[in-house]
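Hi,

Here is the structure I said I'd pass on. Have a look at it first, and then read my notes below.

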Amino acid sequence: MENKKGVLTPEILKQFRKNLESDPKNLLALNACAKTDPLEVCQQRHIVGSSSHVFTHKVDSEIKPITNQKNSGRCWLFAALNVLRIPFVKQHQLEDFEFSQSYLFFFDKIERCNFYLHTIVSVLQRGETVDGRLVSFLLHDPIADGGQWDMVVNLIKRYGVVPKKCFPESFCCETSGRLNAILKTKTREYTKELNLMVQKKSSQEKLDEKILEFMDELYRIIAICLGVPPETFTWEYYNKSKAYCVVGPITPLKFYEEYVKPYCDVENKLCLVNDPRPENPYGCTYTVDCLGNMVGGRRTLYINQKTEDVLKYAAESIKNNEPVWFGCEVGKRYALKLGIQDLRIHDYKLLFGIDINKSMSKAERLVYGDSSMNHAMVFTAVSLDANGKPTKWRVENSWGDDRGDKGYMLMTTEWFEEFGFEVVVDKQYVPKEIADLMKLEPKVLPAWDPMGTLAS
């Protein structure tokens, strides 16, 4: 049999095995990994021992319970509502509280289906083909759970918020895979029909009518799986003094405007990102083609800044007792059970004889598909050194209280510099010349750009 160049022959594989077994450390590592997570095997104990949840600046109150998104990709909603609840709880003197994540999740599913159908028509009308890169990308995951900050703002501006007690979780909120599979199949079916209509040059009026027919069906599916949110609600509760209180009947939008917005206005915040790729210079504004969740809603906009500036504004927010929504790539250099995000937490070289995540820069990881923002959480504390520079951060996650410090994680600044991408802060902490960049027409990145990745 002819031996082709590049084939892994038995002789080559035998040499690989010989190389492996020639070092006793490799055999020890092999034995250890037989029953243990490799990342736990290579955790550095001295880093764990020096990681303390004590900070120079911390928000006044961290609220119970620690939230849990369970088997869903709703971190962006959980993180946003966790930001809202800290000033809300302080103002209303509550022991514990959660806003209903399922309430916003319901309307996000409805709005996102509608946004997708109108977007796909627009894309097809501009000459894109079904087998082209753009439509193929959109069809790959048409109705995802994940989102971005501006998508949260769209939902809250239009629908308000409600206490969790007034619209609790359902099975498909906590385990969203089944609902998503149904919605993906249906939206792909609808895409086929809409594509045929576009090819036949149907009028915009006919296309809009067809989308409304489809949305009626999708609403039915979503409502059955998630429940129908209340148009008005009455919220009864006891405050810290054990006094009975009641709010309502009231609409969710009025509840937000009267009881939440005065203490945390989501529209008054800016989304700052760190994209170090040279083709996307700092001091400019960006958006992503076809990215959004609401027809008629605000676009997803980013102001690109250096990491040190992004974190400086986040630290100023914490010092003023305001938590900070942020996005990162959660899985790299992360000790899951301990909740520690530190570039030194794992010694890959000791375990494998080679290092990981060291040969590429942050920009190169974006270019080569090895990094992107995929999770959103909340900063609640920061430590500053003698020069006022942040060194570490306390992070409120939405994975329950059985990891880290009862649900809170510890992140070093060096870690964020490599794997952090996005921070949302109030305009008051950002110089006016930077805030004014939002008035400029943004550069449009392609739909598949890593900066368009959704936090889930």
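**What covers H12**

The buried residues of helix H12 are covered by, among others, helices H5 (75-92), H6 and H8 (149-159), along with strands E2 (233-238) and E3 (244-250). Bear in mind that this is a predicted model. The residues in question are Pro 252, Phe 255, Tyr 256 and Val 260, in a helix that runs over residues 252-260. They sit on the same side of H12, because the arc they cover around the axis is only 100 degrees.

Phe 255 is worth a click. Leaving out residues up to four places away in sequence, Phe 255 touches Phe 88, Phe 99, Val 161, Val 162, Pro 163, Phe 233, Trp 235, Val 247, Ile 250 and Val 260. The largest nonpolar core has 126 residues, and Phe 255 is among the four that touch the most other members, together with Leu 84, Trp 235 and Phe 379. H6 brings the largest share of this core, 13 residues.

**The pocket**

H6 turns up again here. The largest pocket has a volume of about 540 Å³, and H6 gives the most to its lining, with 4 residues. Helix H7 (133-140) also supplies at least two. There are 25 lining residues, and those nearest the centre are Phe 137, Asp 141, Ala 144, Leu 291 and Leu 454. By class, the lining splits into 13 nonpolar, 7 polar and 5 charged residues.

Most peptide bonds are trans, and most residues other than glycine have a negative phi. Here are some exceptions to check:

- Lys 64 and Pro 65 are joined by a cis peptide bond, with omega about 0 degrees; Pro 65 is in the loop between strand E1 (57-58) and H5.
- Gly 248 to Pro 249 is also a cis bond, with omega near 5 degrees, and Pro 249 lies in E3.
- Gln 93, in the loop between H5 and H6, has a positive phi near 55 degrees. Gln 93 is partly exposed, at 41% relative accessible area.
- Lys 242, in the loop between E2 and E3, has a positive phi of about 65 degrees. With 61% relative accessible area, Lys 242 is exposed.

**One more loop**

Asn 320 lies between helix H13 (307-319) and strand E7 (324-328) and is partly exposed, at 43% relative accessibility. Beyond residues up to four places away in sequence, Asn 320 touches Gln 428 and Tyr 429.

Cheers

Definitions and conventions. Residues are numbered from 1 along each chain as its sequence is written. This is a predicted model: local features need pLDDT of at least 70, side-chain atom pairs count only at pLDDT 80 or more; totals for chains, interfaces and linings use all residues. Side-chain values use heavy atoms; hydrogens and water are left out. On a 1 Å grid over the protein atoms alone, a cavity is a set of points where a 1.4 Å probe fits but cannot get out, and a pocket is an open set with protein on both sides within 12 Å along at least five of seven lines; lining residues have an atom within 4 Å of a point. Grid points are joined across faces, edges and corners, and a volume is the space filled by probe spheres set on the points. Ala, Val, Leu, Ile, Met, Phe, Trp, Tyr, Cys and Pro count as nonpolar, Asp, Glu, Lys and Arg as charged, and the others, Gly among them, as polar. Buried means under 20% relative accessible area, exposed over 50%, partly exposed in between (1.4 Å probe, protein chains only). The arc is that of the directions from the helix axis to the C-beta atoms. Contact means heavy atoms within 4.5 Å. A nonpolar core is a set of buried Ala, Val, Leu, Ile, Met, Phe, Trp, Tyr and Cys residues joined through side-chain atoms within 4.5 Å.
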